[in-house]
Amino acid sequence: MKFSANGYYIESYQKCPNCGVLMYANSEEDRKKRVEHEDKTYCSQRCVDWSIAREKRRASAAG
Amino acid sequence: MDFVTMNILDSAMVSICREMGITLMKTSYSTIFNEALDFTCGLADMNGDMIAVADFCPAQIGGMPLLVQSCLKEIPISDIHEGDIILHNDPYRGGLHTPEHTFFKPIFVEGEIMGFAVAIGHIAEVGGMAPGGFCGEATEIFQEGVRIPPVKIVKRGEDNVEVWKLLLANVRTPRVNYGDLKALIAAVDLGEKQMQGIFAKYGKAKVKETVADLLLYSEKRMRAELEMIPDGIYSFDDYVESDGVESDKNHLIHVDVHKNGGSIVMDYHGTSPQAIGPINATLGVATSAAYNAVLHMTDPTIPRNSGCFRPIEVMAEPGSLLNVDFPAPSVGGNTETHPRIVGTILGAMSKALPDRVMAAEGGTHCNFVFGGVDADTKEYFACYDLEAVGWGGRSFADGNSAVDSINGNCRITPVEVYETRFPWLIESLALDTDSGGAGKHRGGLGYSKQMLCVNDVITCSQMTDRHLLAPWGLEGGKEGGCGATLVMKDGEDTWKTMREAYGKASTSRFNNVAIRRGDRVLLRMPGGGGYGDPAERDPDAVLSDLKDGYISKEAAKKYYGYKEA
Ligand SMILES: [Zn+2]
């Protein structure tokens, strides 16, 4: 168990910025898949790629 | 694949789930279970994947895999023993909202866990700031009742009394809660026992192999269905009106549906940030709503299990309306925001699948909750009352009238039961003329329920929607009628909204209004949007609607070109 940054409870509630899944601190299997990108931790490379593609798509739609 | 055994096992497991649900219905204390059937029962494998489910509440069906898997992240399989039952309701750990209590029990066969029996039910009273669980003005989770991380409520077959004491000390109706919680336990006990019978008959290896085949079969059939939909990115917007705190602010739900071959991704990025009030959806809700929408658009004969869900992915930005961050409130997310998400996905897919979607349904469960001390029995009562709405018109048929919103599949509590259990007199309950949106295929009708308070005081709260933003039509169909909640105080002769009568920020979301003896409350449920140009409606259908009182002469003239003979 560990306390979150705001001290409320025993979890840090770290979520993937793309898909939003909760990333548990104690899961070795999940940890192996994680990727750092622009100072954020994503659950997987797929979420990094999706996030970049979304930004590109929206930028081109905006002209 | 051994299709014969697979079909037999699938049917047997679904029957077990139904039997679990019937047990829960028959042994529970609350009307939300024994009348409304706001629960679901299923079976999961060791990974938390759903392998069978009964046809109860879709919100909970789609939420089940993430719920069980989240618990297993915190309680490893090695710490789960025969006879244990795990309880969980935490919205931030795969949960749906605080009232939704998940129970699951390991199925041990010859000392080995082979899977879990799961029951999820909406507990009517959970403590917190308002009786009945829906605090329409909550601004943090702590006002929404007891929050339960995964804990063992039963350990090796014995009640974990310390947990029971904590739970029951924090709710207003401990006797009723005890009965409902025990009913949920009875359901998982039965599921465990019946599945042990299945393992005894077929053997562990055969069941394991066949269940894996079954999930693969559902996945393949779902992918085949998705492959028939044209590839593309389909987008749509809808809004949740007000959050009970910031008046007149609408909250955007945006979806980009990426359909590519046999896969589909619901990308919700672009949705509003999470609200201050309790309309936020958890990731479990956002995921369940995506599954629900896809199941509504695809072949209903595909066996319902986690295999169906494998081709579906969800992208829900943390801190948004569709992936609430701690400690923001979320009680309305599972009931009001879920159907709005489904409607948004159906709206997006109307361009690709016009014959498999409908115009907007009423999209609310009304969620009129109340509690108080009964003047006769002196016992505290609390009720979570859900009501039905009109559904949207379709390309081939009118919308259904007075059916529970798309994520509920629940029943309306009969008036006689309602009056027997709670101190209200129901003065009228009738379909509302003209509440179904006009269209070639008319939207289903909503209805109104007028109630007289016959107790000294009843503390009432509500979490509903569609008072201001009407259910939309499709392909030229018109909007359905809005809902309303009105009060007429004893001795007065005018109906007022909760904003007019009690100064609440919202007419549709509020809590702890004291309704006194002689006061009346009128709940009006929205209708569904129409589908197609009303001018194309079959004239015989217009006449039939007139005869039944579904539409007025004025509406018939205005929308359908009706002329009096
Ligand atoms: Zn991710």
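Colleague: What is the order of the strands in the open sheet of chain B?

Modeller: This is a predicted model. In it, 5 strands of chain B form an open sheet with antiparallel pairing. Their order is β14-β15-β20-β17-β18.

Colleague: Which strands stand at the edges of this sheet?

Modeller: An edge strand has a single partner strand, so one side of it is left without a neighbour in the sheet. In chain B this applies to β14 (424-431) and β18 (496-497).

Colleague: Which residue in β20(B) is the bridge partner of L486(B)?

Modeller: Strand β17 (residues 484-488) of chain B runs antiparallel to strand β20 (residues 520-524) of chain B, and 5 bridges join them. For L486(B), the bridge partner in β20(B) is L522(B).

Colleague: What is the arrangement of the donor atoms around the zinc ion?

Modeller: The protein donors are the SG atoms of C16(A), C19(A), C43(A) and C47(A), lying 2.3 Å from the zinc ion. The 4 donor atoms subtend angles of 105 to 114°. Because four donors count as tetrahedral if all angles lie between 85 and 135 degrees, the arrangement is tetrahedral.

Colleague: How many residues apart in sequence are the parts that C19(A) and C43(A) tie together?

Modeller: Along the chain, the donors follow the spacing C-x2-C-x23-C-x3-C. C19(A) lies in the segment before α1 (28-33) of chain A, whereas C43(A) lies in the loop between β2 (40-42) and α2 (45-61) of chain A. The pair therefore ties together parts whose separation in sequence is 24 residues.

Colleague: Is C43(A) buried or exposed?

Modeller: The relative accessible area of C43(A) is 17%. Because buried means under 20%, C43(A) is buried.

Methods
Residues numbered from 1 in each chain as written. Chains lettered and ligands numbered in written order. Predicted model: local features only at pLDDT ≥ 70, side-chain atom pairs only at ≥ 80, totals over all residues. Heavy atoms only, no water. Donors = N, O, S within 2.8 Å, 3.2 Å for Na, K, Ca; no water. Tetrahedral: all angles 85-135°; square planar, octahedral: opposite > 155°, others 65-115°. Helix = DSSP H or I, 4+ residues; strand = E, 2+ residues; numbered from the N terminus. Buried < 20%, exposed > 50% of the residue type's maximum accessible area, 1.4 Å probe, protein only. Pairing = 2+ DSSP bridges.
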